[in-house]
Structure formats: structure tokens, C-alpha cells
Amino acid sequence: MSSSVSVDNKINKRSINYILRTLLAGGIAGCCAKTTTAPLDRVKILFQGKHQQFAHYRGSFFGQFSAVQRIYQSEGFSALYRGNGATLIRIFPYAAIQYMAYEQFKRMFNVRNKKEKPYTRLFSGAFAGATAVTITYPLDLIRSRIAFQYRPHTNATKSYNGVFDAIVSIITKEGGIRKLYRGFLPTLQGIIPYAGVSFFTYEGLKNFFEKKLDIEPKNLPVPIRLFCGGCAGAFGQTFAYPLDVVRRRMQIQGLSNETTAYTSTWNGIKTIFQKEGIRGLYIGLSINYVKVAPAVGVSFVVYEFMKKKLNIL
């Protein structure tokens with residue numbers, strides 16, 4: 001089997017029917033993936049935002065699990081999923097748009113090719129990620145704000161009573177609708193390499209195993225797909241993580257006890273490096289490595305499962 005797959009002419013990928021089905025498959029895949037790792041995602045936000053109540057857990061691999069245990073003991077099981085409702089509201093349209101856009105960009109980049117070119121996966125993933133994040137960014141900011149709250153010490157931070165309350169509060173008290181896009185630029189700059197590398201790595205590894213095992217794509221075992229997804233997510237995160245740290249810091253300005261205000265992405269990276277060293281730009285990365293393997297793996301596996309069920313694989 002060639003490392004470049006044939007462009008599928010049997011399915012009309014320009015049809016509304018195909019687009020709607022890829023939107024549905026992508027949205028469900030994203031929700032399954034995010035719910036799988038929601039507790040670790042909340043801890044990552046607390047670490048990145050330098051929440052004082054969790055400062056002593058930062059910097060060690062097992063600190064993330066101790067932080068999860070503390071949240072569970074002090075606030076209960078449901079607190080591990082605080083902000084997950086906002087996450088799912090955001091992630092369904094985000095993942096739906098990203099997967100749909102990826103399929104469409106890949107179709108357009110290969111319109112003159114009889115064989116799908118590997119480099120088109122990189123560009124398609126990058127453009128798809130940029131498209132999805134531009135549309136859904138305000139919901140990501142809201143999710144970060146809600147997840148950053150730690151209620152046993154409510155005097156330390158602002159408190160929101162849900163997604164709608166957070167939106168109204170930010171618009172009316174912090175400077176209007178444009179504040180819903182605080183931290184957008186580092187997010188956009190980060191998602192381009194992350195999404196591009198993730199899609200490129202996943203499909204590249206998947207094609208490698210298909211060739212090595214001499215089997216059809218739809219018959220590739222789930223454990224191998226999960227492995228490919230885990231590697232894809234890990235590589236993508238390593239490239240983009242410093243920008244993710246800056247994005248979170250900018251999103252929670254006004255909530256965190258961290259007083260430094262970043263005027264730009266570069267200013268944020270430079271300030272963090274000067275004050276905290278290279279380690280500060282990668283704080284919480286160990287959490288991502290733990291959660292990214294199942295999250296990205298589950299996302300790709302569920303997406304392809306749904307495509308099969310919806311007869312578009």
C-alpha cells in the first residue's frame with residue numbers, strides 16, 4: 001500500500017450531505033475526547049494560571065494527580081468537571097468545524113492530484129484549526145475563566161455562575177465584546193502548528209502501519225489508531241505549548257493573583273522566560289502528555305468510527 005492514498009472519488013465531498021455528516025462526526029468525537037480528560041484539563045489551567053492554592057503542586061509529574069485529589073476532597077467529584085459544560089458547548093462546534101474544514105481543505109489541495117500528497121495534510125490541518133478557533137474562541141475563554149475558579153477560597157478570584165453569567169460579566173464589566181477575544185492571537189498562532197502537525201503525524205503514522213501490516217485503512221486495529229493519535233497530539237503540543245501558556249495567562253487576566261499584564265504574544269513569552277525561565281513556558285506540559293494521548297487518540301478513533309456509521313468513510 002502506498003504512503004499516499006488515492007483520492008476518493010466515490011463520495012461527493014462537496015455535497016451538503018457529506019459536510020453535515022462530517023460536522024456531526026467531528027462534534028461527537030471532540031466531546032468524547034474532552035470529557036475523557038476533563039479533570040486533568042482543569043488542573044492544567046490552574047497550573048498555567050499560577051493559582052496560589054495549587055502553586056506547590058506545580059513542577060512535578062505527580063503533582064497533577066495530587067491536585068486532582070485535592071479538588072475532589074475539598075469540592076467533590078463534580079468540581080473535577082467544572083468548566084466542562086462550557087468546554088462541550090465550545091468543543092462540539094470547534095471539533096465539528098475543524099474536521100469538516102480539514103476534509104474540505106484536503107479535497108481542495110488535492111483537486112488536481114490522483115494521489116493524496118502528504119504535505120496537504122499539514123496545510124489542511126493548519127487551515128482547519130485556524131478556521132475552527134476563530135469561530136469558537138469566545139467559548140474557550142469562558143471555559144478557562146470558569147475552570148480557574150476555586151471556590152473554597154472565593155475571596156481570591158471572581159466567581160461566575162455559569163456560561164451566560166460569565167459572558168454578560170465580561171461584556172459589561174471588562175470592556176465589551178472584544179474582551180471575549182483576549183488571548184486570541186497566541187491561540188491562533190499556536191493552533192496553526194498544533195493542528196497541522198497533529199493531522200500530518202496521525203495520517204502519516206496510520207499510513208505507515210497500513211503499509212507495514214498490509215491492511216485496508218478501515219481495518220486498522222483501534223490500539224494502533226490510539227497510538228497514532230497519542231503521538232500526533234504529543235508532537236503537536238510540544239511545538240505549540242509556549243503559546244498555549246501565554247494564551248491562558250492572557251485569558252485569566254483580572255482573575256489571577258499574577259499581576260503581570262501581557263501586551264502581546266511576544267511580550268508574554270519574553271516576560272515569562274525572564275521571570276520563570278524556560279520551565280515557565282512549559283509549565284503543565286506533563287499534564288498534557290498524560291491527557292493528550294487518550295484525548296487525541298479518542299478523538300481520531302471516534303471520528304473515524306462515526307464516519308463509518310454515517311457511511312462517509
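Modeller: Gladly! Keep in mind that this is a predicted model. Let us begin with the cysteines.

Colleague: What is a disulfide, and how many does the structure hold?

Modeller: A disulfide is a covalent bond between the sulfur atoms of two cysteines. The structure holds zero disulfides. Take Cys-32: the nearest cysteine sulfur belongs to Cys-31 and is 7.0 Å away, whereas a disulfide needs the two sulfur atoms within 2.5 Å. Cys-228 is in no disulfide either, as its nearest cysteine sulfur, that of Cys-231, is 6.9 Å away.

Colleague: Is Cys-228 buried or exposed?

Modeller: Cys-228 has a relative accessible area of 0%, so this residue is buried. Cys-32, at 34%, is partly exposed.

Colleague: Now salt bridges, please. What is the general idea, and how many are there?

Modeller: Side chains of opposite charge can pair when their charged atoms come close. Here the count comes to 14 salt bridges. One of them joins Arg-90 and Asp-140, with 3.4 Å from N to O. Arg-90 sits in helix H4 and Asp-140 in helix H5, 50 residues apart.

Colleague: Which residue forms a salt bridge with Glu-103?

Modeller: That partner is Lys-307, and the closest N and O atoms are 2.9 Å apart. This pair links helix H4 to helix H11 across 204 residues of the chain. Both Glu-103 and Lys-307 are buried.

Colleague: Where do Glu-304 and Arg-225 lie?

Modeller: Glu-304 lies in helix H11 and Arg-225 in helix H8, so their pair ties together parts that are 79 residues apart in sequence. The salt bridge between them has an N to O distance of 2.0 Å. Salt bridges can also form a network, as with Lys-106, Glu-116, Arg-121 and Glu-203.

Colleague: How do I check the length of helix H11?

Modeller: Count 1.5 Å a residue: the 25 residues of H11 should span 36 Å. The end C-alpha atoms are 35 Å apart, which agrees. H11 does have a kink of about 40° at Lys-291, shortly before Pro-294. Just after the helix, Asn-311 takes a positive phi of about 60°.

Colleague: Last one: which residues form the nonpolar patch on the surface?

Modeller: They are Phe-109, Tyr-119, Phe-123 and Phe-127, with about 410 Å² of accessible area together. Helix H5 gives the most to the patch, with three residues. Phe-109 lies in helix H4 and is partly exposed, with a relative accessible area of 35%.

Conventions. Residues are numbered from 1 along each chain as its sequence is written. This is a predicted model: local features need pLDDT of at least 70, side-chain atom pairs count only at pLDDT 80 or more; totals for chains, interfaces and linings use all residues. Side-chain values use heavy atoms; hydrogens and water are left out. Buried means under 20% relative accessible area, exposed over 50%, partly exposed in between (1.4 Å probe, protein chains only). Helices (H or I, at least four residues) and strands (E, at least two) are DSSP runs, numbered from the N terminus. The expected span of a helix is 1.5 Å times one less than its number of residues. The bend at a residue is the angle between axes fitted to the seven residues ending there and the seven starting there. Patches are made of residues with over 30% relative accessible area and no salt bridge: like charges are joined within 9 Å, nonpolar side chains (Val, Leu, Ile, Met, Phe, Trp, Tyr) within 5 Å. Accessible areas come from the Shrake-Rupley method with a 1.4 Å probe; for residues, only the protein chains shown count as cover. A salt bridge is a side-chain nitrogen of Lys or Arg within 4 Å of a carboxyl oxygen of Asp or Glu.
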